[in-house]
Amino acid sequence: MMTCDAIVLARGGSKGIPRKNLVPVFGKPLIAWTIEAAQAAGFVRDVIVSTDSEEIAETARAFGARVPVLRPDEFATDTSPAEASLHHAIAHMCRDEKPEAVLFPQVTSPVRRKDTLADAYRHFSEGGYDSLFSARLIRNYIWRNLPEPQPLYDPHNRLMRQQIPAEDRYYRETGNFYLFRTESFERTGCRLTGRIGFWETSDEEVVEIDEPQDIAVAELMLERLERNLDVHPIQM
């Protein structure tokens with residue numbers, strides 16, 4: 001099995017929800033859900049948090065993550081691409097031997113089933129992919145917003161969703177997590193490159209926290225999974 005580190009990006013600034021990465025979500029700070037999911041995945045060598053905030057760093061360490069250095073301010077602006085922070089983390093925060101692969105789980109997607117990351121990594125490794133992303137099937141009939149709306153299906157031959165051929169189905173990138181080979185990422189500067197695959201997640205795992213109202217939705221999903229024993233237990 002190739003070595004794999006998890007890199008969690010969590011900057012201090014947030015416009016929609018102040019101190020978003022530390023807000024309580026179903027019993028613990030938002031960032032803790034992602035740290036603990038990576039720790040429990042079974043294939044992650046090290047969980048590294050890249051942040052410009054000492055407060056976030058202290059919380060991350062309390063939940064068992066490593067924060068060897070703070071992220072430079074130039075990589076912590078509203079317009080800083082995630083790739084720049086990932087490059088910095090790989091170069092300055094990983095241990096002496098760079099990982100062969102990186103798991104990049106996003107803090108804003110705290111809902112993950114117990115086996116999601118492990119199953120996705122197995123698919124990534126056994127499939128020989130260079131990169132992989134979490135996705136969800138778009139179940140509705142899709143239209144493009146052009147000067148005149150244009151369907152991406154035939155309205156005169158409206159198939160039931162289960163009848164749509166696999167090659168005509170659309171999936172959206174959910175942002176829950178990414179996996180990529182370090183060599184491919186460093187060569188291209190892109191998290192999705194080379195032979196790209198995806199791993200379809202459940203409806204619960206599509207939740208993203210960007211606005212205050214999203215927190216309540218995430219808590220409902222986490223409660224549902226906990227009730228079904230399909231989420232890691234709360235640890236404080």
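Analyst: Happy to! Sorted by class, the residues lining the second largest pocket are ten nonpolar, three polar and six charged (nonpolar: Ala, Val, Leu, Ile, Met, Phe, Trp, Tyr, Cys and Pro; charged: Asp, Glu, Lys and Arg; polar: the others, Gly among them). Please keep in mind that this is a predicted model, where local features need pLDDT of at least 70 and side-chain atom pairs pLDDT 80 or more, while totals for chains, interfaces and linings use all residues. Residues are numbered from 1 along each chain as its sequence is written, and side-chain values use heavy atoms, without hydrogens and water.

The lining of the second largest pocket holds 19 residues. Nearest its centre you will find Tyr141, Tyr153, Ile164, Asp168 and Arg169. (A pocket is an open set of 1 Å grid points over the protein atoms alone where a 1.4 Å probe fits, with protein on both sides within 12 Å along at least five of seven lines; lining residues have an atom within 4 Å of a point.) For the largest pocket, the lining reads eight nonpolar, nine polar and seven charged residues.

Now to the aromatic rings. Rings of Phe, Tyr and Trp (its six-membered ring) pair if their centres lie within 6.5 Å, and planes under 30 degrees apart are stacked, over 60 edge-to-face and the rest tilted. That rule gives nine aromatic pairs in this model. One of them joins Phe133 to Phe198 in a tilted arrangement, with 6.0 Å from centre to centre and 35° between the planes. Phe133 belongs to strand β6 (residues 131-137) and Phe198 to strand β10 (residues 196-200), so this pair ties together parts 65 residues apart in sequence. (Strands are DSSP runs of E, at least two residues, numbered from the N terminus.)

Elsewhere, Phe43, Tyr121 and Phe124 come together as one aromatic cluster.

Key:
Helices (H or I, at least four residues) and strands (E, at least two) are DSSP runs, numbered from the N terminus.
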